[in-house]
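Please read it with the coordinates open alongside.

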Amino acid sequence: MTSPTPLHESYCTIRREPPNQGDLLEGLAQLATSGITGITEVVQAIHREIVLRPLGLYNDKNQRRWNRGLTGRIYKLTRDVMEHSGTGVALSLRTFNRLTPSQTHRPLTPMQHFLIGAINGVAGDHLIRMRNPMALPMMFYDRYGQPQRGEVRGRVVILVHGLCMNHHSWDPGESVGLGEQLLYRQPNSTVLYLNYNTGRRISQNGRSFTRLLQELVDKNPHITDIDLIGHSMGGLVSRSALFYGKQMGHDWPYIVDHLVCLGSPHQGAVLERLGFMIQERLGQMPFTGALSNLLDIRSAGVIDLRHGSVRDDDWEHLEGRRGQFEDNRKPAPLPSSIKTFLVAGTLEKGPQSTSRTMEAIGDYLVSVKSALGEHDNPSYRLKVPESRKAVFYGINHFELQYHPLVRNQVIAWLVPGAYVPLPVQKQEQAESRIEVIES
């Protein structure tokens with residue numbers, strides 16, 4: 001096993017090729033084994049607490065005795081068997097990969113990409129720590145779903161997916177996606193799709209993204225403009241990349257023309273804050289303290305969504321990976337030279353709705369205020385003109401990536417004067433489904 005890599009250049013950014021089907025099989029075997037052993041540890045902790053706490057013996061001394069006793073040895077044996085079995089399976093898969101490269105070295109199917117993307121979102125930082133071959137590298141894909149190769153010039157539009165998603169997520173299958181529609185209206189441009197491990201810290205992904213963009217610009221000096229379009233977490237990763245690109249003195253931020261964020265939790269996501277509260281409460285209750293450890297499986301990327309953290313110094317000083325409930329992040333203002341547009345979705349049917357519950361839920365995952373960068377603290381508030389914000393009613397979080405109304409609005413922003421007719425079935429609903437907030 002290689003030595004630990006530097007803090008901001010973890011294992012998944014060193015690998016430059018996408019995982020193949022053999023990596024998927026081996027990675028799943030390793031992940032399943034580590035999951036079983038982790039559950040065994042939680043069960044042991046609950047068993048220990050149920051027995052010792054009623055007797056008033058739940059302290060460090062008696063817990064150590066428990067672990068050295070017969071019951072502790074039984075649990076240890078269970079973990080060891082699971083770990084060694086998993087190691088054997090992984091070794092067998094490596095041998096199978098080596099002997100049958102034509103079978104296991106095939107590229108992933110779109111469905112397998114979705115599976116690995118979801119696993120990375122839920123436990124991507126764990127995959128890195130375990131050197132799991134499913135830990136995704138950050139890389140660009142072209143419009144055909146292949147790793148980007150060859151020369152790029154002119155305007156480049158880069159689509160950045162959200163948590164648990166992948167580069168295929170922008171195309172819903174039954175219609176042409178946003179990238180293809182933009183390419184149709186800007187035929188001399190290039191559309192690229194970023195794929196990355198969404199379970200990493202957002203700031204780590206932001207640093208990797210700024211390096212990848214600088215590498216793209218260095219290799220392709222004829223790139224004239226860059227447009228960034230981020231869905232959900234992708235908008236935060238793009239903001240983080242801009243922040244660190246400026247800080248590192250990179251060239252690429254100076255040719256960024258537009259930044260579009262679709263349902264990005266700039267001020268955090270309510271569901272992650274709720275998850276933190278539940279975990280803290282469980283940790284304080286008798287017999288359920290060990291259960292709170294189950295919530296630790298959620299990735300560092302998910303934890304960063306609590307308040308929309310995009311900088312390293314939002315989390316580096318904290319003890320443990322859970323962080324804290326208070327919002328103590330550092331501001332990350334948007335570059336004034338870039339035209340930024342913010343899109344929010346909401347399950348409400350129209351602006352006349354006044355339900356506080358629906359206002360907090362927003363598009364199902366992100367509130368309208370968070371997506372529009374609004375905050376009571378001026379330091380956190382994103383300074384975007386009201387005319388560059390849009391709220392879409394009756395559209396959920398995931399539909400923001402490909403819904404025709406959202407797509408047409410983005411095209412109107414990025415390609416002024418482009419003809420973007422609404423689908424016939426949407427014409428009569430348009431005014432009630434979308435509100436472009438006027439300044």
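Of the 439 residues of the protein chain, 52% count as buried, a figure that, like every other one here, comes from a predicted model. The chain holds 15 helices and eight strands. Among its contacts with a separation of 6 or more, 78% are accounted for by residues 24 or more positions apart.

- Strand β3, which spans residues 190–195, is mostly covered, since five of its six residues are buried according to the cut-off of under 20% relative accessible area.
- Strand β1 (residues 139–141) is joined to β3 by three bridges, and the two run antiparallel; within this pairing, Tyr141 has Tyr193 in β3 as its bridge partner.
- Strand β2 (residues 154–160) also pairs with β3, here in the parallel sense and over five bridges, with Ile158 standing opposite Leu192 in β3.

- Strand β5 (residues 256–262) is largely enclosed by the rest of the structure, because seven of its seven residues are buried.
- Strand β4 (residues 223–231) runs parallel to β5 and is joined to β5 by six bridges, and the bridge partner of His231 in β5 is Leu262.
- Taken together, β4, α9 and β5 make a right-handed β-α-β unit.
- Strand β6 (residues 339–346) pairs with β5 in the parallel sense over five bridges, and in this pairing Cys261 stands opposite Leu342 in β6.

**Nonpolar cores**

- In soluble globular proteins, nonpolar side chains tend to be buried together.
- The largest nonpolar core of this model has 44 residues, and those with the most contacts inside this core are Phe140, Ile158, Leu194, Phe209, Ile226, Leu228 and Trp252.
- Helix α9 (residues 233–247) supplies the largest share of this core, namely seven residues.
- Which residues does Ile226 touch, once its neighbours within four places in sequence are left aside? Ile226 is then in contact with Val156, Ile158, Val217, Trp252, Ile255, Val256, Asp257 and His258, and of these partners Ile158 and Trp252 are also listed among the residues with the most contacts inside the largest core.

**Aromatic pairs**

- A search of the whole structure finds three aromatic pairs, and two of them are described below.
- Phe140 and Phe209 form an edge-to-face pair, with 6.4 Å centre to centre and 65 degrees between the planes.
- This pair links distant parts of the chain, given that Phe140 lies in strand β1 and Phe209 in helix α8 (residues 202–219), 69 residues apart; both Phe140 and Phe209 are buried.
- Phe341 and Trp413 form a stacked pair, with 4.7 Å centre to centre and 25 degrees between the planes.
- Because Phe341 lies in strand β6 and Trp413 in helix α14 (residues 404–414), this pair ties together parts that are 72 residues apart in sequence; Phe341 and Trp413 are both buried.

**Individual residues in loops**

- Arg131, located in the loop between α6 (110–129) and β1, has a positive phi of about 55 degrees although this residue is not a glycine.
- Cys164, found in the loop between β2 and α7 (178–185), likewise has a positive phi, near 65 degrees, in a residue other than glycine.
- Is Cys164 buried or exposed? With a relative accessibility of 17%, Cys164 counts as buried, because the cut-off is under 20%.
- Ser367 lies in the loop between α12 (356–361) and α13 (368–371), and at 14% relative accessibility Ser367 counts as buried as well.
- A polar atom of the Ser367 side chain lies 3.2 Å from the backbone nitrogen of Ser370.

Notes
Residues numbered from 1 in each chain as written. Predicted model: local features only at pLDDT ≥ 70, side-chain atom pairs only at ≥ 80, totals over all residues. Heavy atoms only, no water. Core = buried A, V, L, I, M, F, W, Y, C linked by side-chain atoms within 4.5 Å. Buried < 20%, exposed > 50% of the residue type's maximum accessible area, 1.4 Å probe, protein only. Helix = DSSP H or I, 4+ residues; strand = E, 2+ residues; numbered from the N terminus. Contact = heavy atoms within 4.5 Å. Pairing = 2+ DSSP bridges. Right-handed = clockwise from strand over helix to strand, strands pointing away. Polar contact = N/O pair within 3.5 Å; in protein donor to acceptor, adjacent residues only side chain to side chain. Phe/Tyr/Trp six-rings, centres within 6.5 Å; stacked < 30°, edge-to-face > 60°.
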